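Thank you all for coming.

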Amino acid sequence: MKINKIIFGADYFPEQWPEDVWHDDIRLMKQANVNMVSLAIFAWALLQPDKNTFTFDWLDNIMDLLADNDIDVCLGTATAAQPNWLTQKYDDILFVRESGQRVVPGSRQTYCINSPSYRKAVRRLVKEMALHYKGHRALKLWHINNEYANKNSMCFCKNCEHRFQAWLKKKYGTLDSLNDCWGTVFWGEKYFAWEQINTPMASAGGRNGAKLLDYKRFLSESFYTLYMEEVNVLREITPDVPITTNFEGDWSKFDHSLFKDDLDVVSWNSYPNPLEPNARRRAALRHSMMRSLLGKPFMLMEQAPSQVDWYPINVNKRPGQMRLWSYQAIAHGSDSVMFFQWRASKRGTEKYHSGMVPHYGEEARVFREIASLGGELTKLQDIVGSTIDASVAILMDNDAWWTVDSPYGTGGKSLDNEIFWASNTQPFPTVLLSYLGELEHYFNAFYRLNVPVDVIPAHYDFSKYKIVIAPLLHLIKPGFKEAVEAFVTNGGTFVATYFSGFVDEHVGVFLNGYVGPLTDVLGVKVEEYDPLPLNGSNRIKMIAGLDGFENEYACSVWCDIAHATTTKTLATFGDDYFAGAPCVTENEFGAGKAYYIATRPDADFMHDFVCKILADQNIEIHLLPEGVEHVTRQQNKHKFEFYLNHGNNDVEVQLSQGKYKDLLTQTSHESILRLARHGVSILRRLNDYGT
Ligand code: GAL
């Protein structure tokens, strides 16, 4: 995308307001330096009030008004909420829940992603819109749908069933192969005709895990093909207009990497809960995931100006917090700061959600903070396009995720959901595992040291990194073993955790020792596993004389009981019948090292361990006062160092040698940087000539 400024704006719903308010909107947008708005996201019913009528007049008027005022438009394709006439006309539109019940109309995202009627109507609407707005001065970006899978991530209707059968036929070729890969000899599930294969709805008891996984893969691809229905139309009619779709940020709902080659820019919606102590780390992890998807700057498409209305308790962002979190997104690679929504709604479901222009109007604190931020961002065009140079990658794999957490998109969020999954879909060793939680556990250890981390799908090429961590890689696909072995042979540091390498891509167990294909590189074989009870723990006992470690640490959740084959044991378990079994191991392999951690260590261990592997690879850490985050974006020779104070107190930060200029205040700094509570500085190092 060729936009040479930090994009600042919002979802804008002029259709909710009389036209005289639009002029006030434009005045306030100019005051706040808004330079882009997203339009028409939920406007299908207004654009096509019945099957044969398209009405673009109101949208034309606002598009023209925005263009006259130099405000760009990210134009929604309006497909996230289908009109009532469409729902009523075709009986295959509404999605079907796992229980077999069809969802009732009355909200958005009620459609089935595989409904032929929905897809046909989508193609028609998008074509009309593209033809109508082709060449419009304001149109700078297409915004397809809205948060795919937020509400309709799983459907179990007959259309999905038929498509699933066709998908399986293509994948397995023969029923023999499918029966073999799915292990249907168990409980006599064997299929003798493709038509016998239903969707994996709720049944009497535990279900077939291989079938569940394939169904999740199939739905994931269905999201991608649905997206492509729109992309293909748009590419043909408006080939020069870039395309995005705003992700919700829940990677467990579908494999986002499927979209990789057909997205011009990644965009996503970030809604950390101000009440949650871990909010900023969680946001940093998700920003890092989004950045890593294409390895280039992304767009923050939505965030709340202050409170949302969908957590149980929705507190305001404190003064300065919205600004701080906006800069956090930029620090981690966003080239935009956008909000849901421009003007807080007067009526409708979301009327208690904050807006950039609150119900109180332009005198409100929130609008003043918004306008001030908009002004600041106009000074940051040098940052646009710069990237983050990470030497560490954490691998994330949707297939592994779906076999560890709920395949219903609730993974890692709450114990209740995991209990739901474990008891209702298939028997499992423990409900205490959280795939995302494990990713966060490792990410946090680097985050505390201000070391940037890319979070990449496990099938991406990771050879350029120095450290690669693969938490909870329960399922391992062909090709991964070779990639890891080559990486470590060439000097990389690889870290695997407990419950890794247990099953293959069809969820078939690797026999003769878990870690399966990782046995050679890790130098271990796991004989047994033992999940710990809720709040249960064991001890990690370090071998004597290891620099940088305490004598022992606590661990929880799970213990793999392993045999070291070629590896060196760095720590053993302290308790239980397997006391003395390896718990942390280090295997020299070619020029690199592969570590295996047989449990979930406490945060102190994580800190000391991560410090060790970073030091071994000569990767710089930044120890800063509690609450201060540091990230560097760079472009050509320029480095932009972000310092963000998330703490509640004013702090002083020691700068490394040199002179710096703060891009926000234009002041110079040397040796000490003072940051107020919620303060932000973006420093550029000056050269010997002071420029
Ligand atoms: C997002 C959604 C927006 C709005 C927002 C409220 O998930 O895309 O349309 O509903 O939440 O926080």
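E276 is partly exposed, at 26% relative accessibility, where partly exposed covers the range between buried, under 20% relative accessible area, and exposed, over 50%, with a 1.4 Å probe and protein chains only. Its partner is R282, and the two side chains meet in a salt bridge with 3.0 Å from N to O; R282 also counts as partly exposed, at 28% relative accessibility. By salt bridge I mean a side-chain nitrogen of Lys or Arg within 4 Å of a carboxyl oxygen of Asp or Glu.

Before I go further, a word on the source: this is a predicted model, in which local features need pLDDT of at least 70 and side-chain atom pairs count only at pLDDT 80 or more, while totals for chains, interfaces and linings use all residues. Residues are numbered from 1 along each chain as its sequence is written, and side-chain values use heavy atoms, with hydrogens and water left out.

Let me stay with the charged pairs. Side chains of opposite charge can pair when their charged atoms come close. How many salt bridges does the rule give here? The count comes to 37. One of them joins K140 and D72, whose closest N and O atoms are 3.2 Å apart. This pair links distant parts of the chain, since K140 belongs to strand β4 and D72 to strand β3 (residues 72–76), 68 residues apart; helices (H or I, at least four residues) and strands (E, at least two) are DSSP runs, numbered from the N terminus. D72 counts as buried because its relative accessibility is 11%, whereas K140, at 30%, counts as partly exposed.

Another salt bridge brings together the side chains of D261 and K260, at 3.3 Å from N to O. Here D261 is exposed, with a relative accessible area of 64%, while K260 is partly exposed at 30%. There is also a network of salt bridges, and it links K171, D214, R217, D397, D399 and K477.

Now to the ligand. Which residues are around it? They are F42, R108, N146, E147, N150, N269, Y271, E302, W310, F340, E350 and H353, where being near the ligand requires a heavy atom of the residue within 4 Å of it. Sorted by class, this shell has four nonpolar, four polar and four charged residues; in that sorting Ala, Val, Leu, Ile, Met, Phe, Trp, Tyr, Cys and Pro count as nonpolar, Asp, Glu, Lys and Arg as charged, and the others, Gly among them, as polar.

Several side chains place a polar atom by an oxygen atom of the ligand. For R108, the distance from an N or O atom of the side chain to a ligand oxygen is 2.7 Å. For E302, a polar side-chain atom lies 3.0 Å from a ligand oxygen, and for E350 the corresponding distance is 2.4 Å. On its own the ligand has 310 Å² of accessible area, of which the protein covers 96%.

One member of that shell, F340, takes us to the backbone, as the peptide bond from F340 to Q341 is cis, with omega near 0 degrees. Q341 sits in the loop between β9 (336–339) and α11 (365–377).

Two asparagines deserve a look as well. N145 has a phi near 50 degrees, a positive value in a residue other than glycine, and is found in the loop between β4 (139–143) and α6 (158–172). N512 has a positive phi too, of about 65 degrees, although it is not a glycine, and lies in the loop between β13 (493–497) and α16 (519–522). Is each of them buried or exposed? N145 counts as buried because its relative accessibility is 0%, while N512 is exposed, at 71%.

Let me finish with some nonpolar side chains. V185, F186 and W187 make a nonpolar surface patch of about 450 Å², and F186 is in the loop between α7 (175–182) and α8 (209–237). F186 counts as exposed because its relative accessible area is 55%. L212, by contrast, lies in helix α8 and is buried, with a relative accessible area of 5%. L212 and W402 are 190 residues apart in sequence, and from C-alpha to C-alpha they are 8.8 Å apart in space.

Terms used
Patches are made of residues with over 30% relative accessible area and no salt bridge: like charges are joined within 9 Å, nonpolar side chains (Val, Leu, Ile, Met, Phe, Trp, Tyr) within 5 Å. Accessible areas come from the Shrake-Rupley method with a 1.4 Å probe; for residues, only the protein chains shown count as cover. A polar contact is a pair of N or O atoms within 3.5 Å; within protein, one must be able to donate a hydrogen and the other to accept it, and residues adjacent in sequence count only if both atoms are side-chain atoms.
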